[in-house]
Amino acid sequence: MKLFRSKSNAVLGVDIGTHSIKLVELAGSYANPRVIAWGVAPLPVGAFSENTIANSELISDALNGLIIKSGAKGESVAVSVSSSHAITKVLGMPVDISELEMEEQISIEALHFIPYPIDEVNIDFEVLGPSSNNDQENDVLLVACRRSIVDDYIDLIEDSELGLKYIDIDTYALERVYRSQNSLTANSDQPVALFDVGSSTSHLMVVDDERVLYSRHQNFGASQLIKLIRKEYGVSADEAEEILHSSQPPGDFLTAVQEPFVEMLRQEVSRALQFFYSSSAFSNIDSIVLSGSCCALNGLAADLEMKMRTKVTVLNPVANATVQMNRDAITRMAPGLSIAYGLSLRGLM
Ligand SMILES: Nc1ncnc2c1ncn2[C@@H]1O[C@H](COP(=O)(O)OP(=O)(O)OP(=O)(O)O)[C@@H](O)[C@H]1O
Ligand SMILES: [Mg+2]
């Protein structure tokens, strides 16, 4: 593995999904990132399932192949755990508390809301800044995840002879990409809805200028799009994937497949937003930002915008980055690379 690769300090952002692994390697700085390698490798069915590593050997093989094919040089990797496995809570902590005291306090607080034995979870925390309702306290974000899930990622990266730089939460990586692009932030006092469409699951995150207001998973994804193609054209799953990627899809693709899929997407986004509205004081959003590989479909954002009567944009993580290789090729895959990009971007912060 290491034979033909010269060293680089860059962090490889690696997003492992149900359908594929996405990799992005950035160099430069947070303000001026440069994409030096990227790639996507499909995973065999069942390798990654229900947001967990199901067959680490298959994933390790695909990851090693992807690193060689993409020409990535970094040896430190950042991976993410699905937010569906993370338990988070914001706690108020006195501003003058020492790091050690904070750790002790957090271990005690964690006992109250983590539904697993404490020795079976990994706990991390980050000081977010002064609490809005108490100037003697800082808000501290506590994140916990079952140790067995984290250990699977640690073993996977070790088996691939790479170094694990950090384990993040996928939604934090996505939020980082969004916040790195000023053009997307709200130009009203309404929050923005980030909607990530994966292969099997989707995730809504509602954010304001500073923080995440709401987060929710739904069982919806590009697998529904594949089902529509299979039904419409009587083809296998692999053939449906080929049709999806074809530069010359069937003549009725837009009306027979894309339109019904966008209608399903509208229903899912609307349903998720209704849950947000009913749990908050908001009854509107500024705009919707889509991510996930299938959101690269031509015209998808415009179709959804028309149906929702709300501004819809597709996240293009490389919009502010210099791309040394073929920009067209990465732009076509860009919405699907968002999480991997956000993981690598953390290495530049
Ligand atoms: N350029 C593209 N245009 C349309 N669809 C695409 C494109 N690239 C990939 N897809 C489709 O998107 C689906 C995979 O989506 P994605 O990569 O977001 O899933 P994943 O991250 O592996 O899954 P999950 O997040 O649910 O674990 C596949 O069905 C794939 O064919
Ligand atoms: Mg995904």
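Of the 22 residues around ligand 1, those that come nearest are T18, H19, K22, E241 and S293. The model is predicted. Domain 1 and domain 3 both give residues to this shell, so ligand 1 lies between them.

- S20 places a backbone N or O atom 3.1 Å from an oxygen atom of ligand 1.
- At S199, a polar backbone atom is 2.8 Å from an oxygen atom of the ligand.
- T201 also has a backbone N or O atom by a ligand oxygen, at 3.5 Å.
- Taken alone, ligand 1 exposes 660 Å², and the protein buries 91% of that.
- The elements giving two or more residues to the shell are β2 (20-28), α5 (222-233), α6 (237-245) and α9 (327-333).
- Helix α6 supplies the largest share of the shell, three residues.
- By type, the shell divides into eight nonpolar, 11 polar and three charged residues.

**Domains**

- The domain assignment of the chain gives domain 1 (11-83 + 149-174 + 338-346), domain 2 (84-147) and domain 3 (183-314).
- The centres of domain 2 and domain 3, taken over C-alpha atoms, are 33 Å apart.
- The ligand shell draws on domain 1 and domain 3.

**The six-stranded sheet**

- Six strands form an open sheet in the order β10-β6-β1-β2-β3-β16, and the pairing is mixed.
- Its edge strands are β10 (163-169) and β16 (322-323), each of which pairs on one side only.
- Strand β3 (residues 33-42) runs parallel to β16, and two bridges join them.
- V35 has V323 in β16 as its bridge partner.
- At the other edge of the sheet, strand β10 holds D168.
- Is D168 buried or exposed? Its relative accessibility is 4%, so D168 counts as buried.
- The side chain of D168 makes a polar contact of 3.4 Å with that of R346.

**The β12-β13 hairpin**

- Strands β12 (residues 202-207) and β13 (residues 212-218) pair in the antiparallel sense over six bridges.
- Four residues lie between the two strands of this hairpin.
- V207 stands opposite V212 in β13.

**Helix α10**

- Helix α10 (residues 338-346) is mostly covered, with eight of its nine residues buried.
- The buried residues are S338, I339, A340, Y341, G342, L343, S344 and L345.
- The span 338-346 is also one of the segments of domain 1.

- Most residues other than glycine have a negative phi.
- E50 is not a glycine, yet its phi is positive, about 50 degrees.
- E50 sits in the loop between β4 (48-49) and β5 (52-53).
- With 72% relative accessibility, above the cut-off of over 50%, E50 counts as exposed.
- E161 also has a positive phi without being a glycine, here about 55 degrees.
- The loop between α3 (147-159) and β10 holds E161.
- How exposed is E161, and what is its relative accessible area? E161 is partly exposed, at 47%.

Methods:
Residues numbered from 1 in each chain as written. Chains lettered and ligands numbered in written order. Predicted model: local features only at pLDDT ≥ 70, side-chain atom pairs only at ≥ 80, totals over all residues. Heavy atoms only, no water. Near = heavy atom within 4 Å. Polar contact = N/O pair within 3.5 Å; in protein donor to acceptor, adjacent residues only side chain to side chain. Areas by Shrake-Rupley, 256 points an atom, 1.4 Å probe, with all protein chains shown as cover. Nonpolar A, V, L, I, M, F, W, Y, C, P; charged D, E, K, R; others polar. Domains from an automatic or database assignment. Pairing = 2+ DSSP bridges. Buried < 20%, exposed > 50% of the residue type's maximum accessible area, 1.4 Å probe, protein only.
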